[in-house]
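Morning, everyone. Please look at the sequence and the structure on the screen before I start.

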Amino acid sequence: MTKKEKVDFTIKTLKELYPRIPIPLDHKDPYTLLIAVLMSAQSTDVRVNKITPLLFERADNPYRMVKLSVEEIREIIKPVGLSPMKSKGIHGLSKILIEKHNGEVPQSFEDLEELPAVGHKTASVVMSQAFGVPAFPVDTHIHRLMYRWGFSNGKNVTQTEKDAKRLFPRELWNDLHLQIIWYGREYSPARGWDLDKDIITKTIGRKTVINEYLKK
């Protein structure tokens with residue numbers, strides 16, 4: 001198969017498996033999405049979805065959030081991990097949203113990435129899921145699969161994102177990044193991986209990855 005045929009096969013398979021794409025993090029608007037994504041760093045979406053309702057019951061907009069102290073926020077979000085950094089980030093960015101953006105989440109990568117505790121990946125998720133701007137946020141699943149499929153060299157997420165954007169049509173980015181995440185969780189996980197169930201890797205995967213698997 002040529003690289004293009006492999007890409008086409010991947011897109012077709014993902015579309016068939018996920019014609020309707022579930023959104024991993026529960027939220028109701030750009031602000032609650034931003035907070036949920038920030039909280040998901042080095043945590044699981046399942047855990048975050050258990051904690052965000054408790055936080056949003058107290059504060060679901062920046063004006064209410066700044067009325068809570070950093071310590072109060074930290075206490076609520078402790079179970080998701082990294083709570084000292086995340087609680088400071090949540091409080092700090094809420095203050096900036098009020099002071100600089102009239103309490104609204106800005107709709108540009110630059111403004112989002114200037115907010116405390118918001119990196120490029122978080123900004124990309126918000127831009128794509130809240131505002132529909134084409135972006136390709138790379139998480140561990142996408143990073144792993146782009147390597148397994150021979151679409152990227154796996155050196156770092158920045159390179160993986162560049163490769164994904166080069167290979168996949170721009171109008172599909174917002175759907176594809178979510179489809180790949182779900183596929184990675186369900187068919188091609190890091191642990192307990194069963195190649196027979198992993199139709200994409202089995203069909204187009206990197207030879208060294210498949211040989212390594214078969215050796216085991």
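First, the ground rules. This is a predicted model, where local features need pLDDT of at least 70, side-chain atom pairs count only at pLDDT 80 or more, and totals for chains, interfaces and linings use all residues. Residues are numbered from 1 along each chain as its sequence is written, and side-chain values use heavy atoms, with hydrogens and water left out.

Helix packing. Two packed helices are described by the angle between their axes and the distance between the axes. Helices here are DSSP runs of H or I, at least four residues, numbered from the N terminus. The axes are lines fitted to C-alpha atoms over the stretch in contact, and angles run from 0 to 180 degrees between N-to-C directions.

Start with helix α2, residues 30-39, and helix α6, residues 83-101. Their axes come within 10 Å and cross at roughly 155 degrees. That makes α2 roughly antiparallel to α6. On the wording: under 35 degrees is roughly parallel, over 145 roughly antiparallel, 65 to 115 roughly perpendicular, and the rest oblique. The crossing of α2 and α6 is right-handed, meaning that the near helix is turned clockwise from the far one by less than a right angle. Which residues make the contact? From α2, they are Y31, L34, I35, L38 and M39. From α6, they are K86, G89, I90, L93, S94 and L97. Contact means heavy atoms within 4.5 Å.

Stay on α6 for S87. Is S87 buried or exposed? It is buried, at 0% relative accessibility. Buried means under 20% relative accessible area, exposed means over 50%, and partly exposed is in between, with a 1.4 Å probe and protein chains only. Neighbours within four places in sequence aside, S87 is in contact with V70, I73, R74 and I77.

Next, helix α3, residues 45-58, against α5. They pack at about 150 degrees, axes 9 Å apart. That makes α3 roughly antiparallel to α5. I51, L54, L55 and R58 of α3 meet E72, I73, I76 and I77 of α5.

On the α9 side, H141, I142, R144 and L145 take part. On the α11 side, the partners are H177, I180, I181, Y183, G184 and R185.

Now the rings. How many aromatic pairs does the structure hold? Six. Rings of Phe, Tyr and Trp (its six-membered ring) pair if their centres lie within 6.5 Å; planes under 30 degrees apart are stacked, over 60 edge-to-face, and the rest tilted. W149 and F151 form an edge-to-face pair, 6.2 Å centre to centre, with 75 degrees between the planes. W149 is buried at 1% relative accessible area, and F151 is buried at 2%.

Then W193 and Y213. Their ring centres are 4.9 Å apart and the planes stand at 65 degrees, so this pair is edge-to-face too. W193 lies in the loop between α11 (173-186) and α12 (199-204), and Y213 lies in helix α13 (residues 207-215), so the pair ties together parts 20 residues apart in sequence. W193 is buried at 15%. Y213 is partly exposed at 25%.

Ring pairs also link F136, W149, F151, F168, Y183 and Y187 into a cluster.

Two arginines sit over rings. The charged end of R148 is over W193, 3.6 Å from the ring centre. R185 lies over the face of W182, 5.0 Å from the ring centre. The cut-off is NZ of Lys or CZ of Arg within 6 Å of the ring centre and within 35 degrees of the ring normal.

Last, backbone. Most residues other than glycine have a negative phi. L82 is not a glycine, yet its phi is positive, about 55 degrees. L82 sits in the loop between α5 (70-77) and α6, partly exposed at 39%. A117, also not a glycine, has a positive phi of about 65 degrees. Where is A117? It is in the loop between α7 (109-113) and α8 (120-131).

That's my tour. Questions, please.

Methods:
Helices (H or I, at least four residues) and strands (E, at least two) are DSSP runs, numbered from the N terminus.
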